[in-house]
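Thanks for coming, everyone. I'd like to talk about side-chain packing today, so let me put the model up on the screen.

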Amino acid sequence: MMRSANGYETRNTDPFSSMTRPPPGETSAERDVRIIDQVEARRISDQIDEQIRIEREQIRKRVTTRQEVKVLLLGQAESGKSTLQKQFQLAWSTMDQERPSWRPVVYFNVINAVRIILDELEFEFAHEQHEPSSPWVDPHSGWQGQLSTLRTRLWPLVSSEQSLATELRGSVAVSGNKPGVFVKSGWLALTGSEARRPQNERRGMYNGPDPHDLVTRLLAASQADIEELWLHASVRTLLRTRKLKLEDSAAFFLDSVSRIASPDYIPSVDDILRVRLQTLGVVEHSFNINLGGRAVNWMLYDVGGARGQRHSWAPYFDDANAIIFLAPISAYDQYLEEDYRTNRIDDSLQLFTTICSNKLLRSCHLILLLNKTDVLRTKLAAGIKVKKYITSYGNRPNDYEEVAEYFRAHFMQVHRRNDIGKRVLFTHFTSTIDTKSTQKIISNVRDSILHDAMTQSHLV
(Lines give C-alpha, C1' and ligand atoms only; values in the text may rest on other atoms or scores of the structure.)
Protein backbone atom coordinates (compact mmCIF):
# COMPACT_ATOMS: atom_id res chain seq x y z
CA MET A 1 0.00 0.00 0.00
CA MET A 2 1.09 3.59 -0.56
CA ARG A 3 -0.25 6.94 0.70
CA SER A 4 -1.71 9.34 -1.81
CA ALA A 5 -1.41 13.12 -1.80
CA ASN A 6 -4.79 13.47 -0.07
CA GLY A 7 -3.79 11.13 2.72
CA TYR A 8 -5.72 8.02 1.59
CA GLU A 9 -3.93 4.70 1.24
CA THR A 10 -4.15 3.18 -2.23
CA ARG A 11 -3.20 -0.22 -3.60
CA ASN A 12 -0.32 -0.26 -6.06
CA THR A 13 -1.62 -2.15 -9.10
CA ASP A 14 1.46 -1.71 -11.29
CA PRO A 15 2.58 -5.27 -12.17
CA PHE A 16 6.12 -4.01 -12.82
CA SER A 17 6.55 -2.93 -9.22
CA SER A 18 6.97 -6.51 -8.11
CA MET A 19 9.71 -7.20 -10.64
CA THR A 20 12.34 -5.53 -8.50
CA ARG A 21 11.34 -7.45 -5.37
CA PRO A 22 12.01 -11.12 -6.02
CA PRO A 23 10.42 -13.63 -3.61
CA PRO A 24 12.77 -15.01 -0.96
CA GLY A 25 14.98 -17.85 -2.21
CA GLU A 26 14.21 -17.16 -5.91
CA THR A 27 17.00 -18.11 -8.31
CA SER A 28 18.03 -15.86 -11.18
CA ALA A 29 16.55 -18.30 -13.72
CA GLU A 30 13.21 -18.31 -11.90
CA ARG A 31 13.33 -14.51 -11.72
CA ASP A 32 13.82 -14.28 -15.51
CA VAL A 33 10.83 -16.56 -16.15
CA ARG A 34 8.67 -14.55 -13.73
CA ILE A 35 9.56 -11.24 -15.41
CA ILE A 36 8.84 -12.66 -18.87
CA ASP A 37 5.44 -13.92 -17.67
CA GLN A 38 4.61 -10.53 -16.17
CA VAL A 39 5.60 -8.66 -19.32
CA GLU A 40 3.42 -11.00 -21.40
CA ALA A 41 0.51 -10.52 -18.99
CA ARG A 42 0.88 -6.77 -19.27
CA ARG A 43 0.94 -6.97 -23.06
CA ILE A 44 -2.24 -9.05 -23.11
CA SER A 45 -3.91 -6.67 -20.65
CA ASP A 46 -3.03 -3.68 -22.81
CA GLN A 47 -4.32 -5.49 -25.89
CA ILE A 48 -7.66 -6.17 -24.18
CA ASP A 49 -7.92 -2.55 -23.07
CA GLU A 50 -7.31 -1.37 -26.62
CA GLN A 51 -9.94 -3.74 -28.01
CA ILE A 52 -12.47 -2.46 -25.47
CA ARG A 53 -11.63 1.11 -26.44
CA ILE A 54 -12.13 0.33 -30.14
CA GLU A 55 -15.46 -1.41 -29.49
CA ARG A 56 -16.69 1.49 -27.37
CA GLU A 57 -15.79 3.91 -30.16
CA GLN A 58 -17.62 1.78 -32.70
CA ILE A 59 -20.72 1.69 -30.49
CA ARG A 60 -20.53 5.45 -30.04
CA LYS A 61 -20.37 5.96 -33.80
CA ARG A 62 -23.31 3.63 -34.38
CA VAL A 63 -25.40 5.46 -31.82
CA THR A 64 -24.58 8.90 -33.23
CA THR A 65 -25.01 7.91 -36.89
CA ARG A 66 -28.02 5.62 -36.59
CA GLN A 67 -31.32 7.25 -37.53
CA GLU A 68 -34.74 5.93 -36.64
CA VAL A 69 -37.61 6.83 -38.96
CA LYS A 70 -41.17 6.15 -37.81
CA VAL A 71 -43.82 5.82 -40.54
CA LEU A 72 -47.56 5.31 -39.99
CA LEU A 73 -49.77 3.53 -42.54
CA LEU A 74 -53.22 5.05 -42.06
CA GLY A 75 -56.56 4.59 -43.79
CA GLN A 76 -59.89 2.83 -43.42
CA ALA A 77 -60.25 -0.95 -43.32
CA GLU A 78 -59.52 -2.72 -46.63
CA SER A 79 -57.66 0.28 -48.02
CA GLY A 80 -54.52 -1.76 -48.79
CA LYS A 81 -52.30 -0.90 -45.81
CA SER A 82 -51.16 -4.45 -45.08
CA THR A 83 -50.56 -5.13 -48.78
CA LEU A 84 -48.36 -2.03 -48.95
CA GLN A 85 -46.51 -3.25 -45.86
CA LYS A 86 -45.72 -6.52 -47.67
CA GLN A 87 -44.44 -4.50 -50.62
CA PHE A 88 -42.10 -2.64 -48.26
CA GLN A 89 -40.79 -6.01 -47.07
CA LEU A 90 -40.20 -7.08 -50.66
CA ALA A 91 -38.21 -3.87 -51.21
CA TRP A 92 -35.60 -4.93 -48.63
CA SER A 93 -35.88 -8.71 -48.45
CA THR A 94 -37.68 -11.69 -49.97
CA MET A 95 -40.59 -13.91 -49.01
CA ASP A 96 -39.06 -17.15 -50.22
CA GLN A 97 -38.73 -18.74 -46.79
CA GLU A 98 -42.17 -17.55 -45.69
CA ARG A 99 -44.16 -18.63 -48.73
CA PRO A 100 -45.16 -22.13 -47.45
CA SER A 101 -46.55 -20.59 -44.25
CA TRP A 102 -49.03 -18.51 -46.24
CA ARG A 103 -50.74 -21.57 -47.74
CA PRO A 104 -53.47 -21.89 -45.04
CA VAL A 105 -54.24 -18.18 -45.38
CA VAL A 106 -54.82 -18.62 -49.11
CA TYR A 107 -56.99 -21.64 -48.33
CA PHE A 108 -59.06 -19.51 -45.97
CA ASN A 109 -59.62 -16.88 -48.67
CA VAL A 110 -60.89 -19.55 -51.09
CA ILE A 111 -63.21 -21.14 -48.52
CA ASN A 112 -64.54 -17.76 -47.44
CA ALA A 113 -65.43 -16.88 -51.04
CA VAL A 114 -67.18 -20.22 -51.60
CA ARG A 115 -69.22 -19.78 -48.42
CA ILE A 116 -70.30 -16.24 -49.39
CA ILE A 117 -71.42 -17.45 -52.84
CA LEU A 118 -73.46 -20.32 -51.42
CA ASP A 119 -75.06 -18.09 -48.78
CA GLU A 120 -76.01 -15.47 -51.37
CA LEU A 121 -77.48 -18.06 -53.74
CA GLU A 122 -79.55 -19.52 -50.96
CA PHE A 123 -80.73 -16.06 -49.92
CA GLU A 124 -81.74 -15.14 -53.46
CA PHE A 125 -83.60 -18.42 -53.92
CA ALA A 126 -85.47 -18.03 -50.64
CA HIS A 127 -86.51 -14.41 -51.27
CA GLU A 128 -87.13 -14.43 -55.02
CA GLN A 129 -88.69 -17.82 -55.69
CA HIS A 130 -91.85 -16.05 -56.85
CA GLU A 131 -89.95 -14.21 -59.60
CA PRO A 132 -90.13 -16.51 -62.64
CA SER A 133 -87.67 -14.34 -64.56
CA SER A 134 -84.92 -15.05 -62.06
CA PRO A 135 -82.50 -17.55 -63.66
CA TRP A 136 -81.42 -19.05 -60.35
CA VAL A 137 -85.01 -19.98 -59.44
CA ASP A 138 -86.33 -21.02 -62.83
CA PRO A 139 -87.99 -24.39 -62.14
CA HIS A 140 -86.97 -25.62 -65.59
CA SER A 141 -83.30 -24.81 -65.05
CA GLY A 142 -82.86 -27.43 -62.34
CA TRP A 143 -80.83 -24.96 -60.31
CA GLN A 144 -82.54 -25.79 -57.01
CA GLY A 145 -81.34 -29.36 -57.24
CA GLN A 146 -77.91 -28.29 -58.44
CA LEU A 147 -77.56 -25.87 -55.52
CA SER A 148 -78.61 -28.50 -53.04
CA THR A 149 -76.14 -31.03 -54.46
CA LEU A 150 -73.24 -28.60 -54.63
CA ARG A 151 -73.88 -27.27 -51.14
CA THR A 152 -73.99 -30.81 -49.75
CA ARG A 153 -70.72 -31.74 -51.44
CA LEU A 154 -69.01 -28.49 -50.42
CA TRP A 155 -70.32 -28.46 -46.86
CA PRO A 156 -67.30 -30.27 -45.29
CA LEU A 157 -64.97 -27.67 -46.84
CA VAL A 158 -67.15 -24.68 -45.90
CA SER A 159 -67.62 -25.94 -42.35
CA SER A 160 -63.83 -25.90 -41.85
CA GLU A 161 -63.74 -22.10 -42.25
CA GLN A 162 -64.24 -21.25 -38.58
CA SER A 163 -61.65 -23.68 -37.20
CA LEU A 164 -59.09 -22.59 -39.78
CA ALA A 165 -59.70 -18.92 -39.01
CA THR A 166 -59.37 -19.58 -35.27
CA GLU A 167 -56.11 -21.44 -35.80
CA LEU A 168 -54.67 -18.70 -38.00
CA ARG A 169 -55.58 -15.85 -35.70
CA GLY A 170 -54.16 -17.62 -32.65
CA SER A 171 -57.52 -17.92 -30.87
CA VAL A 172 -58.08 -14.15 -30.86
CA ALA A 173 -61.66 -13.51 -29.76
CA VAL A 174 -63.68 -11.41 -32.18
CA SER A 175 -67.01 -9.81 -31.38
CA GLY A 176 -69.90 -11.76 -32.87
CA ASN A 177 -67.66 -14.76 -33.56
CA LYS A 178 -67.44 -13.65 -37.19
CA PRO A 179 -65.19 -15.90 -39.30
CA GLY A 180 -62.08 -14.15 -40.51
CA VAL A 181 -58.32 -13.94 -40.30
CA PHE A 182 -57.84 -11.25 -37.69
CA VAL A 183 -54.13 -10.62 -37.08
CA LYS A 184 -53.51 -9.15 -33.64
CA SER A 185 -49.74 -9.56 -33.57
CA GLY A 186 -49.19 -8.67 -37.20
CA TRP A 187 -49.27 -10.66 -40.41
CA LEU A 188 -45.62 -11.61 -39.82
CA ALA A 189 -46.87 -13.77 -36.94
CA LEU A 190 -48.41 -16.06 -39.53
CA THR A 191 -44.94 -16.69 -40.92
CA GLY A 192 -43.20 -16.63 -37.55
CA SER A 193 -43.14 -18.84 -34.48
CA GLU A 194 -46.89 -19.52 -34.41
CA ALA A 195 -47.03 -20.70 -38.01
CA ARG A 196 -43.89 -22.83 -37.58
CA ARG A 197 -44.92 -24.63 -34.42
CA PRO A 198 -44.83 -28.42 -34.70
CA GLN A 199 -48.06 -29.95 -35.94
CA ASN A 200 -48.54 -31.91 -32.73
CA GLU A 201 -48.46 -28.65 -30.73
CA ARG A 202 -50.96 -26.96 -33.06
CA ARG A 203 -53.17 -30.03 -32.93
CA GLY A 204 -53.12 -29.83 -29.14
CA MET A 205 -55.09 -26.58 -29.34
CA TYR A 206 -58.06 -28.41 -30.85
CA ASN A 207 -59.91 -31.66 -30.39
CA GLY A 208 -59.32 -32.97 -33.87
CA PRO A 209 -56.85 -33.28 -36.74
CA ASP A 210 -54.54 -30.47 -37.72
CA PRO A 211 -56.69 -27.91 -39.63
CA HIS A 212 -53.99 -27.32 -42.25
CA ASP A 213 -53.81 -30.99 -43.26
CA LEU A 214 -57.57 -31.43 -43.17
CA VAL A 215 -58.25 -28.37 -45.34
CA THR A 216 -55.56 -29.42 -47.83
CA ARG A 217 -57.36 -32.72 -48.38
CA LEU A 218 -60.83 -31.15 -48.47
CA LEU A 219 -59.77 -28.53 -50.99
CA ALA A 220 -58.23 -31.13 -53.30
CA ALA A 221 -61.42 -33.21 -53.12
CA SER A 222 -63.64 -30.16 -53.75
CA GLN A 223 -61.75 -28.59 -56.67
CA ALA A 224 -64.20 -29.67 -59.39
CA ASP A 225 -67.22 -28.58 -57.32
CA ILE A 226 -65.70 -25.15 -56.65
CA GLU A 227 -65.01 -24.65 -60.35
CA GLU A 228 -68.57 -25.72 -61.24
CA LEU A 229 -70.01 -23.30 -58.69
CA TRP A 230 -67.80 -20.39 -59.74
CA LEU A 231 -68.56 -20.79 -63.47
CA HIS A 232 -72.29 -21.42 -63.06
CA ALA A 233 -74.56 -19.07 -65.01
CA SER A 234 -76.48 -18.09 -61.87
CA VAL A 235 -73.31 -16.95 -60.12
CA ARG A 236 -72.31 -14.98 -63.20
CA THR A 237 -75.75 -13.31 -63.18
CA LEU A 238 -75.45 -12.37 -59.50
CA LEU A 239 -72.01 -10.91 -60.12
CA ARG A 240 -73.18 -8.95 -63.15
CA THR A 241 -76.20 -7.52 -61.32
CA ARG A 242 -74.05 -6.63 -58.27
CA LYS A 243 -76.17 -8.77 -55.97
CA LEU A 244 -73.11 -10.84 -55.13
CA LYS A 245 -70.18 -8.83 -53.75
CA LEU A 246 -66.96 -10.64 -52.96
CA GLU A 247 -63.58 -9.50 -51.66
CA ASP A 248 -61.47 -7.77 -54.32
CA SER A 249 -59.14 -10.77 -54.60
CA ALA A 250 -61.81 -13.52 -54.48
CA ALA A 251 -62.05 -13.84 -58.27
CA PHE A 252 -58.27 -14.18 -58.52
CA PHE A 253 -58.22 -17.12 -56.09
CA LEU A 254 -61.32 -18.84 -57.50
CA ASP A 255 -59.92 -18.58 -61.03
CA SER A 256 -56.75 -20.26 -59.70
CA VAL A 257 -58.38 -23.00 -57.64
CA SER A 258 -56.87 -25.84 -59.68
CA ARG A 259 -53.39 -24.49 -58.93
CA ILE A 260 -54.17 -23.81 -55.26
CA ALA A 261 -55.73 -27.26 -54.72
CA SER A 262 -52.58 -29.00 -55.98
CA PRO A 263 -50.92 -31.14 -53.25
CA ASP A 264 -47.56 -29.43 -53.82
CA TYR A 265 -48.98 -25.90 -53.90
CA ILE A 266 -46.70 -23.14 -52.59
CA PRO A 267 -48.15 -19.59 -52.59
CA SER A 268 -46.60 -17.17 -55.04
CA VAL A 269 -45.75 -13.58 -54.15
CA ASP A 270 -48.91 -12.51 -55.99
CA ASP A 271 -50.95 -14.89 -53.83
CA ILE A 272 -49.44 -13.45 -50.65
CA LEU A 273 -50.06 -9.88 -51.74
CA ARG A 274 -53.72 -10.62 -52.51
CA VAL A 275 -54.76 -12.52 -49.37
CA ARG A 276 -57.19 -10.70 -47.14
CA LEU A 277 -56.07 -10.18 -43.53
CA GLN A 278 -57.78 -7.89 -41.06
CA THR A 279 -55.33 -6.16 -38.73
CA LEU A 280 -56.30 -5.69 -35.09
CA GLY A 281 -54.74 -2.79 -33.19
CA VAL A 282 -51.38 -1.40 -34.29
CA VAL A 283 -48.64 -3.69 -35.62
CA GLU A 284 -44.99 -2.66 -35.78
CA HIS A 285 -42.55 -3.79 -38.46
CA SER A 286 -38.85 -2.90 -38.37
CA PHE A 287 -36.37 -2.79 -41.25
CA ASN A 288 -32.68 -1.91 -41.16
CA ILE A 289 -31.62 -0.12 -44.31
CA ASN A 290 -28.47 1.63 -45.46
CA LEU A 291 -28.61 5.10 -46.92
CA GLY A 292 -25.30 6.43 -48.19
CA GLY A 293 -23.35 4.50 -45.58
CA ARG A 294 -25.66 5.62 -42.77
CA ALA A 295 -27.66 3.00 -40.86
CA VAL A 296 -31.38 3.75 -40.68
CA ASN A 297 -33.95 1.84 -38.67
CA TRP A 298 -37.25 2.09 -40.56
CA MET A 299 -40.20 1.58 -38.20
CA LEU A 300 -43.43 0.92 -40.09
CA TYR A 301 -46.76 0.83 -38.22
CA ASP A 302 -49.73 -0.95 -39.84
CA VAL A 303 -52.98 -0.04 -38.11
CA GLY A 304 -56.45 -1.54 -37.93
CA GLY A 305 -58.66 0.76 -40.00
CA ALA A 306 -62.14 -0.12 -38.77
CA ARG A 307 -63.91 2.70 -36.95
CA GLY A 308 -63.80 0.89 -33.63
CA GLN A 309 -59.99 0.60 -33.80
CA ARG A 310 -59.02 4.14 -34.78
CA HIS A 311 -58.73 5.25 -31.15
CA SER A 312 -55.58 3.10 -30.90
CA TRP A 313 -53.74 5.29 -33.45
CA ALA A 314 -53.25 8.37 -31.27
CA PRO A 315 -50.39 7.11 -29.02
CA TYR A 316 -48.23 6.68 -32.13
CA PHE A 317 -48.73 10.23 -33.41
CA ASP A 318 -46.42 12.31 -31.22
CA ASP A 319 -43.05 11.19 -32.62
CA ALA A 320 -44.00 9.99 -36.12
CA ASN A 321 -41.84 11.19 -39.02
CA ALA A 322 -44.25 10.44 -41.85
CA ILE A 323 -47.77 9.32 -42.70
CA ILE A 324 -48.74 7.27 -45.71
CA PHE A 325 -52.50 7.60 -46.07
CA LEU A 326 -54.25 5.06 -48.31
CA ALA A 327 -57.64 5.87 -49.83
CA PRO A 328 -59.30 3.13 -51.96
CA ILE A 329 -60.90 5.18 -54.73
CA SER A 330 -62.54 2.04 -56.13
CA ALA A 331 -64.89 1.99 -53.13
CA TYR A 332 -67.33 4.59 -54.48
CA ASP A 333 -70.10 1.95 -54.64
CA GLN A 334 -69.41 0.54 -51.17
CA TYR A 335 -70.48 1.43 -47.65
CA LEU A 336 -68.86 0.91 -44.27
CA GLU A 337 -69.48 -2.43 -42.65
CA GLU A 338 -69.92 -0.57 -39.35
CA ASP A 339 -72.35 1.97 -40.84
CA TYR A 340 -74.27 1.09 -43.99
CA ARG A 341 -75.30 4.74 -44.41
CA THR A 342 -71.73 6.00 -44.91
CA ASN A 343 -70.12 5.74 -48.33
CA ARG A 344 -66.52 4.57 -48.09
CA ILE A 345 -65.22 7.47 -50.18
CA ASP A 346 -66.92 9.91 -47.78
CA ASP A 347 -65.40 8.07 -44.84
CA SER A 348 -61.92 8.30 -46.38
CA LEU A 349 -62.34 12.04 -46.93
CA GLN A 350 -63.50 12.55 -43.34
CA LEU A 351 -60.62 10.49 -42.01
CA PHE A 352 -58.11 12.38 -44.16
CA THR A 353 -59.54 15.65 -42.84
CA THR A 354 -58.87 14.45 -39.29
CA ILE A 355 -55.28 13.53 -40.14
CA CYS A 356 -54.55 16.85 -41.87
CA SER A 357 -55.93 18.87 -38.95
CA ASN A 358 -54.30 16.87 -36.13
CA LYS A 359 -51.80 19.06 -34.24
CA LEU A 360 -49.64 16.10 -33.23
CA LEU A 361 -49.06 15.31 -36.90
CA ARG A 362 -48.44 18.81 -38.21
CA SER A 363 -44.72 18.24 -38.84
CA CYS A 364 -45.08 14.79 -40.42
CA HIS A 365 -44.15 14.13 -44.02
CA LEU A 366 -47.50 13.45 -45.74
CA ILE A 367 -48.06 11.03 -48.62
CA LEU A 368 -51.45 10.20 -50.13
CA LEU A 369 -51.91 6.96 -52.07
CA LEU A 370 -55.14 6.84 -54.08
CA ASN A 371 -55.24 3.07 -54.12
CA LYS A 372 -56.97 0.18 -55.91
CA THR A 373 -56.89 1.82 -59.31
CA ASP A 374 -57.04 -1.65 -60.90
CA VAL A 375 -60.38 -2.35 -59.21
CA LEU A 376 -61.62 1.11 -60.21
CA ARG A 377 -60.85 0.43 -63.88
CA THR A 378 -62.68 -2.92 -63.70
CA LYS A 379 -65.81 -1.40 -62.15
CA LEU A 380 -65.95 1.46 -64.63
CA ALA A 381 -65.47 -0.93 -67.55
CA ALA A 382 -68.39 -2.97 -66.20
CA GLY A 383 -70.56 0.15 -66.42
CA ILE A 384 -70.99 0.81 -62.69
CA LYS A 385 -71.90 4.50 -62.62
CA VAL A 386 -70.20 6.78 -60.14
CA LYS A 387 -73.13 9.24 -60.10
CA LYS A 388 -75.46 6.50 -58.85
CA TYR A 389 -73.53 6.45 -55.56
CA ILE A 390 -71.99 9.95 -55.48
CA THR A 391 -74.57 12.39 -56.80
CA SER A 392 -72.15 15.31 -56.87
CA TYR A 393 -70.29 13.59 -59.71
CA GLY A 394 -73.14 14.64 -61.98
CA ASN A 395 -72.94 13.92 -65.68
CA ARG A 396 -69.18 13.77 -65.97
CA PRO A 397 -67.82 10.95 -68.18
CA ASN A 398 -67.75 7.58 -66.43
CA ASP A 399 -64.17 6.85 -67.53
CA TYR A 400 -61.03 6.22 -65.50
CA GLU A 401 -59.18 9.49 -66.15
CA GLU A 402 -62.18 11.66 -65.29
CA VAL A 403 -63.15 9.67 -62.19
CA ALA A 404 -59.60 9.39 -60.84
CA GLU A 405 -59.01 13.12 -61.25
CA TYR A 406 -62.35 13.91 -59.61
CA PHE A 407 -61.41 11.95 -56.48
CA ARG A 408 -57.87 13.34 -56.46
CA ALA A 409 -59.22 16.90 -56.57
CA HIS A 410 -61.46 16.23 -53.57
CA PHE A 411 -58.58 14.91 -51.46
CA MET A 412 -56.39 17.82 -52.54
CA GLN A 413 -59.15 20.22 -51.49
CA VAL A 414 -59.38 18.58 -48.06
CA HIS A 415 -55.63 19.01 -47.65
CA ARG A 416 -55.65 22.61 -48.82
CA ARG A 417 -58.47 23.60 -46.44
CA ASN A 418 -57.48 21.62 -43.35
CA ASP A 419 -53.72 21.04 -43.27
CA ILE A 420 -52.45 23.05 -40.30
CA GLY A 421 -48.85 22.27 -41.14
CA LYS A 422 -49.05 23.82 -44.64
CA ARG A 423 -47.18 20.82 -45.94
CA VAL A 424 -46.58 19.66 -49.47
CA LEU A 425 -48.88 16.72 -50.22
CA PHE A 426 -47.23 13.97 -52.27
CA THR A 427 -49.94 12.08 -54.19
CA HIS A 428 -49.74 8.83 -56.14
CA PHE A 429 -52.28 6.65 -57.94
CA THR A 430 -51.53 3.08 -56.90
CA SER A 431 -52.50 -0.56 -57.14
CA THR A 432 -50.54 -2.10 -54.30
CA ILE A 433 -50.85 -5.63 -55.73
CA ASP A 434 -48.85 -4.46 -58.76
CA THR A 435 -45.33 -5.10 -57.53
CA LYS A 436 -43.43 -3.41 -60.35
CA SER A 437 -45.21 -0.05 -60.16
CA THR A 438 -45.54 -0.12 -56.37
CA GLN A 439 -41.82 -0.76 -55.89
CA LYS A 440 -41.04 2.37 -57.90
CA ILE A 441 -43.39 4.42 -55.74
CA ILE A 442 -41.95 2.87 -52.56
CA SER A 443 -38.45 3.85 -53.65
CA ASN A 444 -39.50 7.46 -54.21
CA VAL A 445 -41.54 7.59 -51.00
CA ARG A 446 -38.75 6.03 -48.95
CA ASP A 447 -36.10 8.43 -50.21
CA SER A 448 -38.25 11.52 -49.68
CA ILE A 449 -39.25 10.45 -46.16
CA LEU A 450 -35.69 9.60 -45.15
CA HIS A 451 -34.27 12.81 -46.56
CA ASP A 452 -36.91 14.86 -44.78
CA ALA A 453 -36.41 13.03 -41.47
CA MET A 454 -32.63 13.33 -41.60
CA THR A 455 -32.81 17.00 -42.56
CA GLN A 456 -34.95 17.67 -39.50
CA SER A 457 -32.38 15.82 -37.39
CA HIS A 458 -29.55 17.86 -38.96
CA LEU A 459 -27.88 14.71 -40.22
CA VAL A 460 -27.66 15.88 -43.86
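I'll go through the aromatic pairs, then the charges over rings, then the nonpolar cores. Keep in mind that this is a predicted model.

Okay, aromatics. How many aromatic pairs do we get? The count comes to 11. Let me pick out a couple of them. Tryptophan 92 and phenylalanine 287 make a tilted pair, with 5.2 Å centre to centre and 45° between the planes. Why do I like that one? Tryptophan 92 is in helix α2, residues 81-92, while phenylalanine 287 is in strand β6, residues 282-291, so the pair ties together parts that sit 195 residues apart in sequence. And are these two buried or exposed? Tryptophan 92 is partly exposed, at 25% relative accessible area. Phenylalanine 287, on the other hand, is at 11%, and because buried means under 20%, that residue counts as buried.

Tyrosine 393 sits in the loop between α13 (373-381) and α14 (400-418), and tyrosine 406 is in helix α14 itself, 13 residues apart. Both tyrosine 393 and tyrosine 406 are buried.

Next, charges over rings. Have a look at lysine 70: that one lies over the face of tyrosine 301, 5.2 Å from the ring centre. Then there's arginine 274 over the face of phenylalanine 252, at 4.1 Å from the ring centre.

In soluble globular proteins, nonpolar side chains tend to be buried together. Here the largest nonpolar core has 43 residues, and the ones touching the most other members are Ile117, Ile226, Leu229 and Leu254. Several helices give two or more residues to this core, including α3 (103-127), α4 (143-158) and α7 (211-231). Which element gives the largest share? That's α3, with 11 residues.

Ignoring neighbours within four places in sequence, leucine 254 is in contact with Val110, Ala113, Val114, Ile117, Ile226, Trp230 and Leu246.

And there's a second, separate core, of 40 residues, with Met299, Leu351, Cys356 and Tyr393 among them.

Terms used: Residues numbered from 1 in each chain as written. Predicted model: local features only at pLDDT ≥ 70, side-chain atom pairs only at ≥ 80, totals over all residues. Heavy atoms only, no water. Phe/Tyr/Trp six-rings, centres within 6.5 Å; stacked < 30°, edge-to-face > 60°. Helix = DSSP H or I, 4+ residues; strand = E, 2+ residues; numbered from the N terminus. Buried < 20%, exposed > 50% of the residue type's maximum accessible area, 1.4 Å probe, protein only. Lys NZ or Arg CZ within 6 Å of the ring centre and 35° of its normal. Core = buried A, V, L, I, M, F, W, Y, C linked by side-chain atoms within 4.5 Å. Contact = heavy atoms within 4.5 Å.
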